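Subject: A structure to look through

Dear colleague,

I am passing on a structure that I would like you to read through with care. Please open it first, and then follow the notes below with the residue numbers at hand.

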Amino acid sequence: MPTTAAALITPGITAYRAITTFSHVTAGQTVIVKGASGGVGALALQMAVDRGAHVIAIAHSRNEAAVTALGASEFVAYDQLTPSSVLADRADVLINAAMNGAGSDDDIVMTKPGGVIATVAHNTPPANKQVTINHIHPSSTPTDAEALAVIMDLLKDGKLAINITSQLPFSATGLKQGNEILEQSHDGRVVILMDR
């Protein structure tokens, strides 16, 4: 459990703010999550499902089974299809949690007029389509404590899972290896553990 807690804090708070502060996901909405197999994306997907949204996940095809198991209603593999073509004007809310906000221009195409994009990318609203773009950033609303209380309740109720792929020692070698993993395409969280 301590490993799960360590892996959950930062992406969990970010995901919670993405679906609350920056997009206000509600029941019945169609929510597209880009980067749905990553730390923030997978948690945002599960939180949106818990709120009663119809969630469409975008990730690499190798992650389809894992992402669908988290509750996604639909899955689009970005390495096999062009998501912006398949999902044009589908999203009430689009959450871009992909690495560096990849494909941010496509976010606008996939979002309905009047929709909201919550993204880790720094893009500006287009002149040709009425959408709201909110950059996901540190915020005091809700507080970390408020967000963590909700996250822990979801975890306790079995509504939240996090994929931990690497547990490394707290050492120069472990830190170096962790940074190397993070620089590459990877699935799941990397946790550095201190010896007890």
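**What was found**

His24 is found in the loop between α1 and β1 (30-34). Please keep in mind throughout that this is a predicted model. Although His24 is not a glycine, its phi is positive, at about 55 degrees. With a relative accessibility of 54%, His24 counts as exposed, because the cut-off for that word is over 50%.

As background, most residues other than glycine have a negative phi, and most peptide bonds are trans. With that in mind, there is a second residue to look at, Asp89, where phi is near 55 degrees, again a positive value in a residue other than glycine. Asp89 sits in the loop between α4 (83-86) and β4, and its relative accessible area of 40% makes it partly exposed. The peptide bond between Thr141 and Pro142 is cis, with an omega of about -10 degrees, and Pro142 belongs to the loop between β6 and α6.

Turning to the helices, how many of the 12 residues of α2 are buried? The answer is 10, so that α2 is mostly covered. Among these buried residues are Gly39, Val40, Leu43, Gln46 and Met47. The 12 residues of α2 should span 16 Å at 1.5 Å a residue, and the end C-alpha atoms of the helix are 17 Å apart, which agrees. After α2 comes Gly52, and its phi is positive, near 90 degrees.

The helix α6 has 13 residues, and the distance from its first C-alpha to its last is 18 Å, close to the 18 Å expected at 1.5 Å a residue. Its buried residues are Ala147, Ile151, Leu154 and Leu155. Seen down the axis of α6, these buried residues fall within an arc of 100 degrees, so they line one face of the helix. On the face of α6 turned away from the buried side you will find the exposed residues Ala145 and Lys156.

What follows α6 is also worth a look. Asp157 lies in the loop between α6 (144-156) and β7 (164-169), and it is partly exposed, with a relative accessible area of 49%. If you compare Asp157 with Asp89, the two are 68 residues apart along the chain, and their C-alpha atoms are separated by 34 Å.

Among the strands, β4 (residues 91-96) and β5 (residues 111-119) run parallel and are joined by 5 bridges. Within β5, Thr119 stands opposite Asn96. The strand β5 also pairs with β6 (residues 132-135), in the parallel sense and over 4 bridges, and here Val116 stands opposite Thr132 in β6.

The largest pocket holds about 860 Å³ of space. Its lining is made up of 33 residues, and those that lie nearest its centre are Gly35, Gly38, Ala97, Ala98 and Met99. Two or more lining residues come from each of α1 (2-19), α2 (39-50), β2 (54-59) and α5 (104-110). Sorted by class, the lining of the largest pocket has 13 nonpolar, 15 polar and 5 charged residues.

The second largest pocket has about 160 Å³ of space. It is lined by 16 residues, and Ser37, Ala42, Ala66, Leu70 and Asn163 are the closest to its centre. The elements that give two or more residues to this lining are α2 and α3 (64-69), and α2 gives the most, with 4 residues. By class, the lining of the second largest pocket has 8 nonpolar, 7 polar and 1 charged residues.

With best wishes

Conventions:
Residues are numbered from 1 along each chain as its sequence is written. This is a predicted model: local features need pLDDT of at least 70, side-chain atom pairs count only at pLDDT 80 or more; totals for chains, interfaces and linings use all residues. Side-chain values use heavy atoms; hydrogens and water are left out. Buried means under 20% relative accessible area, exposed over 50%, partly exposed in between (1.4 Å probe, protein chains only). On a 1 Å grid over the protein atoms alone, a cavity is a set of points where a 1.4 Å probe fits but cannot get out, and a pocket is an open set with protein on both sides within 12 Å along at least five of seven lines; lining residues have an atom within 4 Å of a point. Grid points are joined across faces, edges and corners, and a volume is the space filled by probe spheres set on the points. Ala, Val, Leu, Ile, Met, Phe, Trp, Tyr, Cys and Pro count as nonpolar, Asp, Glu, Lys and Arg as charged, and the others, Gly among them, as polar. The expected span of a helix is 1.5 Å times one less than its number of residues. The arc is that of the directions from the helix axis to the C-beta atoms. Two strands pair if DSSP finds at least two bridges between them.
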